[in-house]
Amino acid sequence: MVTLVVVDDHPIWRDAIGRDLAEAGHRVLAGVGDGRRALTAIRQLRPDVAILDLQLPDRSGVDVLRELDDCPTKILVLSASGESEDVLEAVKAGARGYLLKSAGTAELLDAVERVAAGDAVFTPGLAGMVLGEYRRLANADEKHPVLSERETEVLRLVAKGLSYKDIAARLFLSHRTVQNHVQRTLNKLQLHNRAQLVRYAIEHGIDED
Amino acid sequence: MGIETQLRQAITVFRFTALGYPLVMWGLFLDDLVRPVPALLLVAVMAAWTLFISGFYATRGFRPPALYADLATSVIAVAASTWALELDDRSVPVSVGPLLAGPVLVWAVVGGRRRGVIAGCAVAAAGMLFRGGPTENTFSEAILFIITGLMVGHFTRLGVEAEHRLREAAARDAAGLERERLARDIHDSVLQILALVQRRGDDLGGEAAELGRLAGRQEQALRALITSEYYRHPFDGQRDVRELIGRHACDAVTIAAPATPVRLPSQAAHELAAAVTSALDNVREHCPEDTRVWLLVEDQGDQVTVTVRDDGPGIPVGRLAEAAAGGRLGVARSIEGRIQELGGEATITSIAGQGTEIELRVPRQGGGGGDDGDTRGRR
């Protein structure tokens with residue numbers, strides 16, 4: 001059983017997701033509709049997983065993610081916005097997974113369980129953006145994170161729509177190893193993002209408070 | 001305030017300043033003037049005229065009768081000056097001076113180069129006619145008037161065009177912002193509802209599932225439309241490969257691409273997109289209906305790679321070679337041909353039972369992706 005908080009400004013959506021999760025035996029601790037309440041609910045209830053919409057009325061989902069940086073709750077982004085830059089920003093800010101709202105119930109339940117277990121949930125679209133981000137950083141930032149050859153290979157296969165099982169079979173790896181590779185690509189990006197924020201804070205003298 | 005208004009105001013300032021010239025001349029040559037009182041009267045009349053015509057232009061615009069009257073007044077002033085400003089010891093009377101450039105400037109601002117030159121010629125001709133023929137003095141004056149008409153006319157035209165372009169650009173920017181705002185709103189509401197209908201439909205099954213599928217298809221179409229609007233920014237002859245390929249997104253086709261534009265020269269981008277379309281057509285033609293396709297767009301700096309992978313039955317070993325030998329080179333020829341023309345290469349790998357993968361690699365010519373890195377700004 002996984003404990004959850006669902007953050008979405010559309011009540012019908014919240015109810016629909018909540019019902020599906022409850023039917024599958026999970027416990028939805030709260031459903032909230034804006035960023036401020038989301039922060040309070042997640043900090044106080046400490047759910048295993050929070051499902052977060054990126055478009056909230058009072059602040060962006062990315063901002064919520066940034067503020068929850070030190071919180072142990074794992075965040076799964078569920079967005080209608082397609083795979084654009086805000087999704088990449090969300091992942092860099094610490095989201096552990098990402099799904100489109102058009103994903104089916106089975107896909108959502110699977111994603112929740114995997115995120116709760118500590119895995120990174122990738123769509124092919126997200127893998128393509130993460131690959132692109134590593135290449136962009138290689139040109140734009142001296143201290144850019146580097147993907148190993150194996151990680152690049154795995155990420156490309158994810159982006160080409162192969163399941164972890166197919167990837168494991170193709171590369172003669174265990175399912176677990178594939179998962180670890182995918183997760184490391186995400187961790188490095190998040191770590192780099194955090195280091196960048198710290199560097200920025202120090203350079204601009206706002207590290208004292 | 002438009003450029004024409006600003007120029008009109010500048011000319012008014014010039015005309016009043018230029019009135020100082022005959023006044024100063026009157027003071028300097030007071031002793032030598034044959035008729036000092038009519039001379040002062042002429043200056044007074046010119047001042048009154050300048051006041052009147054400037055006011056007229058400001059309130060009622062540059063009307064043609066006013067323009068002709070303005071020019072005629074200058075010509076008359078030249079004629080009158082030969083009598084009113086005559087000197088006892090000199091053959092050439094004192095000139096009314098730069099004041100005469102007033103109507104030339106106005107004509108040039110209103111009518112451009114040609115009208116400016118015509119007005120310049122008229123004033124210059126009057127000078128030559130009434131003030132002792134083509135002497136060194138009248139000749140240099142004539143050239144100055146004509147050049148004034150020509151240059152002011154030319155620059156006014158340039159200024160008006162620049163102003164026009166600036167206004168167009170501002171309107172385009174505003175339209176772009178409005179479109180983005182609309183797109184955000186649609187993201188927020190319509191897409192969510194469509195996705196919800198799809199989801200509930202799936203759960204309910206039966207006819208509702210069919211409705212759900214329809215809603216899902218609309219959601220995808222709408223999202224593709226919005227994103228293509230987002231990315232519709234031509235970068236000096238370059239196209240964003242993501243935009244061209246993004247049109248294929250649907251239930252069966254998933255697209256993965258970087259979050260930043262992947263630019264190629266327009267021609268190359270279109271050829272690459274056409275090769276992708278052939279590959280997709282090929283899947284549709286030879287694979288079962290529920291075959292899914294994944295498109296991966298990658299920007300490697302010196303080259304752009306697009307991979308088309310399907311989970312169809314795959315091409316049996318030797319089938320492509322067999323087709324080539326039999327002269328049936330549909331896919332391979334049209335895809336490879338297009339890519340090779342761009343200096344790139346296409347590789348087709350297929351394992352029976354595991355689908356087909358076509359990798360299209362197109363090099364960036366000249367400077368190998370110079371627009372990578374920091375110039376590749378985020379939207």
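**Notes on the two-chain model**

1. In chain B, strand 2 and strand 4 (residues 293-299) run parallel and are joined by 4 bridges. Strands here are DSSP runs of E with at least two residues, helices are runs of H or I with at least four, and both are numbered from the N terminus; two strands pair if DSSP finds at least two bridges between them. Within this pairing, B:Trp294 of strand 4 is the bridge partner of B:Thr254.

2. A word on the basis: this is a predicted model, where local features need pLDDT of at least 70, side-chain atom pairs count only at pLDDT 80 or more, and totals for chains, interfaces and linings use all residues. Residues are numbered from 1 along each chain as its sequence is written, chains are lettered from A and ligands numbered from 1 in the order written, and side-chain values use heavy atoms, leaving out hydrogens and water.

3. Back to strand 2 of chain B (residues 253-256): B:Val253 and B:Ile255 point one way, B:Thr254 and B:Ala256 the other, and all are buried. Buried means under 20% relative accessible area, exposed over 50%, and partly exposed in between (1.4 Å probe, protein chains only).

4. Chain A has a residue to check at A:Arg46, a non-glycine with a positive phi near 45 degrees. A:Arg46 sits in the loop between helix 2 (35-45) and strand 3 (49-52) of chain A, and is exposed at 52% relative accessible area.

5. A:Phe172 also has a positive phi, near 55 degrees. Its place is the loop between helix 8 (164-171) and helix 9 (175-203) of chain A, and A:Phe172 is exposed at 76%.
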